[in-house]
Amino acid sequence: MYALGRHILAEMYGCAPEILDDQETVEKIMVQAAIEAGAEVREVAFHKFSPQGVSGVVVISESHLAIHTWPEFGYAAVDVFTCGTRVNPWDACNYLTEKFRAEHMTATEVKRGIFEEPVKVANY
């Protein structure tokens, strides 16, 4: 079986609330996570909610990293989706777990675009 991409859905608990509520810090950590995994960053968009929380996405050539935080619970929901074989999404996920100071992290990897044989790209 061949997959076009790997999508990690991570649950991070016991994170540092002051980090999860700081838009600038969350953005820097997410961008660096992409770089640590070997991805090429294309665009970045983050938003700070009131009274707390941050959501954002780092668009990479290989797909994306996304996050939504609940600082009041020390919780972050994170997606790391990479296509191809050059970038390892687990490198980004492990980096985020460390930098958010998560006490506990669970994650599920989903293979995306599964084919029986290697995919041949059609020319348009």
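Buried here means under 20% relative accessible area, exposed means over 50%, and partly exposed is in between, computed with a 1.4 Å probe on protein chains only. This is a predicted model, where local features need pLDDT of at least 70 and side-chain atom pairs count only at pLDDT 80 or more, while totals for chains, interfaces and linings use all residues. Residues are numbered from 1 along each chain as its sequence is written, and side-chain values use heavy atoms, with hydrogens and water left out.

View 1. Helices (H or I, at least four residues) and strands (E, at least two) are DSSP runs counted from the N terminus. Helix 3 spans residues 89-99, and its buried residues are Pro89, Ala92, Cys93, Tyr95, Leu96 and Thr97. Their cover includes strand 1 (2-13), helix 2, strand 4 (63-70), strand 5 (75-83) and strand 6 (104-115). Zoom in on Thr97, and its relative accessible area comes out at 16%. Leaving aside neighbours within four places in sequence, Thr97 is in contact (heavy atoms within 4.5 Å) with Met12, Ala102 and Met105.

View 2. At the N-terminal end, Asn88 does the capping, with a side-chain oxygen 2.9 Å from the backbone nitrogen of Trp90. Just after the helix sits Arg101, with a positive phi of about 55° even though Arg101 is not a glycine. Arg101 belongs to the loop between helix 3 and strand 6.

**View 3. The largest nonpolar core.** A nonpolar core is a set of buried Ala, Val, Leu, Ile, Met, Phe, Trp, Tyr and Cys residues joined through side-chain atoms within 4.5 Å. The largest one has 31 residues, and Met12, Met30, Leu65, Leu96 and Phe100 touch the most other members. Helix 2 gives the most, with six. As for Leu65, its contacts beyond four places in sequence include Met30, Ala33, Ala34, Val58, Ile60 and Ala92.

View 4. Glu62 sits in the loop between strand 3 (54-60) and strand 4. Glu62 counts as buried because its relative accessibility is 10%. Its side chain makes a polar contact with the side chain of Arg86 at 2.4 Å; such a contact is a pair of N or O atoms within 3.5 Å where, within protein, one must be able to donate a hydrogen and the other to accept it, and residues adjacent in sequence count only if both atoms are side-chain atoms. Ser63, in strand 4, has a positive phi near 145° despite being something other than glycine. Ser63 is buried too, at 18% relative accessibility.

View 5. Ser50 and Pro51 are joined by a cis peptide bond, with omega about 15°. Pro51 lies in the loop between strand 2 (41-48) and strand 3.

**View 6. Ile35 on helix 2.** Ile35 is part of helix 2 (residues 23-36). Ile35 counts as partly exposed, at 44% relative accessible area. Ser61 is 26 residues from Ile35 in sequence, and their C-alpha atoms are 11 Å apart in space.
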